[in-house]
Amino acid sequence: MTTPLFPVNPSRRDFIQRAAAVTAAGSAVALPGGAWAAGSDAPEKKEVRIGFIPLTDCASVVMASVMKFDEKYGIKIIPSKESSWAAVRDKLVNGELDAAHVLYGLVYGVHLGVSGPKKDMAVLMTLNNNGQAITLSKKLADKGAVDGAGLAKVMKAEPREYTFAQTFPTGTHAMWLYYWLASNGINPMSDAKVITVPPPQMVANMRVGNMDGFCVGEPWNHRAIIDGIGVTATTTQDIWKDHPEKVLGCTAEFVQKNPNTARAMIMAVLDASRWIDAGLQNKMKMAETIAEKSYVNTSVDAINQRILGRYQNGMGKTWDDPNHMKFFNDGAVNYPYLSDGMWFLTQHKRWGLLKSDPDYLGVAKAINQTALYKEAAAQLKVSVPKSDMRTSKLGDGVVWDGSNPAKYAASFKIKAA
């Protein structure tokens with residue numbers, strides 16, 4: 001039988017001696033839940049400012065703060081509501097934010113100097129899979145554009161400038177939109193006009209006729225249906241089942257200077273992710289919390305249906321989607337797979353954001369903090385995959401496994417000229 005680090009009801013002398021031994025060894029005092037509270041593993045920065053955009057998938061960051069999961073790991077998370085992804089990018093780069101709920105492709109774009117300043121970046125963990133959608137205007141749907149094939153038919157029958165919106169040039173929504181349009185024979189670079197609109201402004205812009213369609217995260221697709229101005233043409237999980245979406249991102253410099261704090265952030269958000277996915281009651285509490293004005297600022301009914309997989313398309317069709325937004329899924333969501341990051345680079349190359357093939361694997365290894373994530377996951381007893389790569393078959397039947405990214409990027413018939 002091993003002697004406990006701190007015995008029950010220790011004498012003052014016992015306590016001082018054992019505390020001194022721990023300090024001398026440079027190790028940490030383990031608290032319930034696997035937290036580090038002292039010694040060499042203590043967080044270097046106790047208070048961390050984490051940016052977020054008003055979207056359902058900011059939930060794990062918000063709940064980590066609201067439910068005080070952060071306190072278990074020796075930090076205090078200050079959620080900071082931001083107006084646009086460009087603002088998130090700029091504040092991460094200049095240090096106003098320590099980390100952020102952020103688009104996967106945005107982090108990679110900043111690392112390579114695409115669509116803004118260049119700075120070495122880090123992905124600490126994936127925050128969610130699935131749960132975005134492409135919305136087409138009700139006016140377009142009334143003409144038969146209710147899905148990709150219908151949209152292509154309408155655009156061919158009624159030639160004009162069709163405008164679609166995404167949320168950031170290198171971001172996930174731009175890539176889902178481009179991929180979906182192209183898989184339906186529409187070249188987003190030449191057959192349409194694509195604009196950038198912050199997520200919370202999508203519905204208002206569609207209401208006044210500024211766009212024919214948009215790709216965004218929830219709750220804004222469901223909000224367009226509730227408001228009677230849009231229909232869901234496809235979900236992103238139909239484009240790629242269990243696709244990577246938002247990440248917990250920061251600069252590489254932050255991780256280098258504050259590795260313990262970075263690990264504590266992963267642990268707090270991972271704990272919150274597990275809590276959200278644990279059951280219906282938790283999901284409903286999450287929906288009620290993030291619907292508040294200080295977070296997403298919408299009605300609870302705009303959030304709570306789709307997080308449970310209860311979908312409607314705005315034209316009478318309803319379905320239960322088993323591949324709805326997931327935050328944990330027994331840990332399958334959160335591992336920062338190198339192949340996930342590499343996929344976004346292939347699409348950046350495909351659409352001309354990158355003029356030549358980068359070192360796909362090298363860039364992903366530099367950005368995705370797999371070792372740090374594994375340390376955090378081990379403390380929480382969350383399983384991790386055997387490989388840094390995963391294989392996925394996208395909705396058009398094309399398989400992505402990260403094995404030959406340059407060949408994959410060049411294989412698409414529709415791409416930037």
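**Notebook: salt bridges and overall build**

I started at Glu253, which is partly exposed with a relative accessible area of 36%. For my own reference, buried means under 20% relative accessible area, exposed means over 50%, and partly exposed is in between (1.4 Å probe, protein chains only). This is a predicted model, so I note that local features need pLDDT of at least 70 and side-chain atom pairs count only at pLDDT 80 or more, while totals for chains, interfaces and linings use all residues. Residues are numbered from 1 along each chain as its sequence is written, and side-chain values use heavy atoms, with hydrogens and water left out.

**Entry: the Glu253 partner**

I looked for what Glu253 pairs with and found Lys257, in a salt bridge at 3.1 Å, N to O. The term covers a side-chain nitrogen of Lys or Arg within 4 Å of a carboxyl oxygen of Asp or Glu. Both residues sit in helix H11 (residues 252-257), 4 residues apart, about one turn of the helix. Helices here are DSSP runs of H or I with at least four residues, strands are E runs of at least two, and both are numbered from the N terminus. Lys257 counts as exposed because its relative accessibility is 57%.

Next I checked Lys68, which forms a salt bridge with Glu71, with 3.8 Å between the closest N and O atoms. Lys68 is partly exposed at 46% relative accessibility, and Glu71 is partly exposed too, at 49%.

Which residue does Lys72 pair with? I found Asp271, with the closest N and O atoms 2.7 Å apart. This pair links distant parts of the chain, 199 residues apart: Asp271 is in helix H12 (residues 259-276), and Lys72 is in the loop between helix H2 (59-66) and strand E4 (76-81). Is Asp271 buried or exposed? I have Asp271 down as buried, because its relative accessible area is 5%. Lys72 is partly exposed at 33%.

**Entry: the network and the tally**

I also noted a network of salt bridges that links Asp41, Arg263 and Glu375. The structure holds 19 salt bridges.

For the charges, I get 47 positive and 39 negative, with their mean positions 1 Å apart. Lys and Arg count as positive, Asp and Glu as negative, and His and the chain ends are not counted. Each charge is placed at NZ of Lys, CZ of Arg, CG of Asp or CD of Glu.

**Entry: Asp191**

I then went to Asp191, in the loop between helix H7 (172-183) and strand E9 (193-196). Asp191 is partly exposed at 37% relative accessible area. Leaving out residues up to four places away in sequence, Asp191 touches Met155, Gly185 and Ile186; contact means heavy atoms within 4.5 Å.

**Entry: the whole chain**

Along the principal axes, the C-alpha atoms fill a box of roughly 85 × 45 × 35 Å. I have 57% of the 417 residues as buried. Among contacts with a separation of 6 or more, 75% are between residues 24 or more positions apart.
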